[in-house]
Amino acid sequence: MTFHPKMAYDATFHKSARRLEEAGPSFVYSAENRARFDEIVKRYPEDRRRSAVLPALYLVQAQQGYITANAMRHVAELLGITPADVEDVVSFYTMFFTRPVGRFVLQVCRTLSCALNGAERVTEALAAKLGVKPGETDPTGTFTLLEVECLGACDRAPVVMVNDAWQECLKPEDAATLVDDLKARGESAVSGCYHVVEKQP
């Protein structure tokens, strides 16, 4: 006699749905980025090297365009932490990409201020111009379109972040022109953050 329930022979067990990142090509920092990394870690006590994980990952993304499992292992080895520690950071922050993205990453803010000022229509106009949906890259590999949460410039809505640059107060009818200008002039085509622009002489 037993009080334990009988286990059915066809019972199924939970299997984690966690997606492992692709290993990708082998990765080491370029000589220039390794020198930058070495300068960055000097800012932290030896027993706090792990605190440099964010700038270390930015260096990876600047060098490779996105972050692979091999790159995470490289960063982990240099910082003396586990690859899982690095992957936790990469998977938490939306500014890190684990798949290839376009030369220009267009991130449209969709939080309240931008939403009230037409961000959805900006996204629709960009999607129509590029022939993609949010989350996709155009066939030429030039543009990736994303919707993101607050970019911190609510008084200049709608805001689009283009790589590390800003386009503020973007009207839906001007979205197609922004794409053309980026093709022609690169990031110099964007308005920039007005807090920075107004401080320039």
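Asp-38 counts as partly exposed, at 30% relative accessibility. In this predicted model, Asp-38 forms a salt bridge with Arg-34. A search of the whole structure finds eleven salt bridges and six aromatic pairs. The points below take up some of these contacts, then some features of the backbone.

- The closest N and O atoms of Asp-38 and Arg-34 are 3.0 Å apart.
- Both residues lie in helix H1. They are four residues apart, which is about one turn of the helix.
- Arg-34 counts as partly exposed, with 35% relative accessibility. Partly exposed is the class between buried, under 20%, and exposed, over 50%. Asp-38, at 30%, is partly exposed too.

**Around Glu-46**

- Glu-46 sits in the loop between helix H1 (31–41) and H2.
- Its relative accessible area is 62%, so Glu-46 is exposed.
- Glu-46 forms a salt bridge with Arg-49. Here the closest N and O atoms are 4.0 Å apart.
- Leu-79 is 33 residues from Glu-46 along the chain. The C-alpha atoms of these two residues are separated by 9.6 Å.

- Lys-129 forms a salt bridge with Asp-180. The closest N and O atoms are 3.0 Å apart.
- Lys-129 lies in helix H6 (residues 119–130) and Asp-180 in helix H7, so the pair ties together parts that are 51 residues apart in sequence.
- Lys-129 is partly exposed, with a relative accessible area of 36%. Asp-180 also counts as partly exposed, at 35% relative accessibility.

**Aromatic rings**

- A search of the whole structure finds six aromatic pairs. One of them can be followed through Tyr-58 and Phe-96.
- The ring centres of Tyr-58 and Phe-96 are 5.2 Å apart, and the ring planes stand at 55°, so this pair is tilted. An angle over 60 degrees would count as edge-to-face, and one under 30 as stacked.
- Tyr-58 lies in helix H2 (residues 53–64). Phe-96 lies in the loop between helix H4 (83–92) and strand S1 (104–109). The pair therefore ties together parts that are 38 residues apart in sequence.
- Tyr-58 is partly exposed, with a relative accessible area of 40%. Phe-96 is buried, with a relative accessible area of 5%.
- Tyr-58 and Phe-96 belong to one aromatic cluster, together with Phe-92 and Tyr-93.

**Backbone features**

- Ala-157 and Pro-158 are joined by a cis peptide bond, with omega about -5°. Pro-158 lies in the loop between strand S2 (143–148) and strand S3 (160–162).
- Asn-163 is not a glycine, yet its phi is positive, near 55°. Asn-163 is placed in the loop between S3 and strand S4 (165–167).
- Cys-169 has a positive phi of about 55°, and it is not a glycine either. Cys-169 lies in the loop between S4 and helix H7 (175–185).
- Cys-169 is partly exposed, with a relative accessible area of 36%.

Methods: Residues numbered from 1 in each chain as written. Predicted model: local features only at pLDDT ≥ 70, side-chain atom pairs only at ≥ 80, totals over all residues. Heavy atoms only, no water. Phe/Tyr/Trp six-rings, centres within 6.5 Å; stacked < 30°, edge-to-face > 60°. Helix = DSSP H or I, 4+ residues; strand = E, 2+ residues; numbered from the N terminus. Buried < 20%, exposed > 50% of the residue type's maximum accessible area, 1.4 Å probe, protein only. Salt bridge = Lys/Arg side-chain N within 4 Å of Asp/Glu carboxyl O.
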